[in-house]
Amino acid sequence: MHEDANGGGQPVAAEVTPSGADQEFLALERELTVLLRRARANQGEMAREVHPDLESAAYGLLVRLDEHGPQRATALAAYIGVGKATMSRQLRALEELGLIAREPDPADGRAWLVALTDEGRGRVGKVREARRARYVSQLAHWDRREVAELARLLRELNGVMEK
């Protein structure tokens, strides 16, 4: 049983396809597939805007460092969901591009933190600001509460997917 389309709490029978899948979940899969395909393409564009030689996957690392400040490589690897070797390779490439630097961890002299350089922070900030401007333009006809609700639902979805 599901709520009706108006969120009224009136239970209605779920529409089920011949394969037994709920229509709502098939629609969710379809829309997420389109969103993720577009997001991957956009991430590649944004990475190239930061630096022409930047790998698409590394853009997320830069955003994480921009939002959360210096972090250990192990924390970044866990957040992104990659192994230590992959993370080391990506960080080495970012360091060679002058976008990040390693600095001693003040909490543990044996460990290192990865941080954006001033150059990296400036480039990432410029690209992120341009992306936000695109969202504002593309969603100008949406009510701000709808934008906030979409952000809330995506945050919930990301939390569930993390587990």
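**Figure 1. Residue classes in the lining of the largest pocket.** The lining of the largest pocket in this predicted model divides into 27 nonpolar, eight polar and 12 charged residues. Ala, Val, Leu, Ile, Met, Phe, Trp, Tyr, Cys and Pro count as nonpolar, Asp, Glu, Lys and Arg as charged, and the others, Gly among them, as polar. Of the 47 lining residues, Leu35, Ala39, Tyr135, Leu154 and Asn158 lie nearest the centre of the pocket. A pocket is an open set of points on a 1 Å grid over the protein atoms alone, where a 1.4 Å probe fits, with protein on both sides within 12 Å along at least five of seven lines; lining residues have an atom within 4 Å of a point.

**Figure 2. Space and elements of the largest pocket.** The largest pocket holds about 2,700 Å³ of space. A volume is the space filled by probe spheres set on the points, with grid points joined across faces, edges and corners. Helices H1 (23–50), H2 (58–68), H3 (73–80), H5 (118–138) and H6 (144–162) are the elements that give two or more residues to its lining. H6 provides the largest share, 14 residues. Helices (H or I, at least four residues) and strands (E, at least two) are DSSP runs, numbered from the N terminus.

**Figure 3. The second largest pocket.** This pocket has a volume of about 230 Å³. Its lining includes Arg72, Lys84, Met87, Arg102 and Trp112. H3, helix H4 (84–96) and strand E2 (108–116) each supply at least two lining residues, and the largest share, four residues, comes from H4. By class, the lining has seven nonpolar, two polar and three charged residues.

**Figure 4. Gln90 in helix H4.** Gln90 lies in helix H4 and is buried, with a relative accessible area of 6%. Buried means under 20% relative accessible area, exposed over 50%, and partly exposed in between (1.4 Å probe, protein chains only). Leaving aside residues up to four places away in sequence, Gln90 touches Glu55, Ala57 and Leu61; a contact means heavy atoms within 4.5 Å.

**Figure 5. The protein around these views.** Six helices and two strands make up the secondary structure, in the order α-α-α-α-β-β-α-α along the sequence. Buried residues account for 23% of the 163 residues.

Residues are numbered from 1 along each chain as its sequence is written, and side-chain values use heavy atoms, with hydrogens and water left out. In this predicted model, local features need pLDDT of at least 70 and side-chain atom pairs count only at pLDDT 80 or more, while totals for chains, interfaces and linings use all residues.
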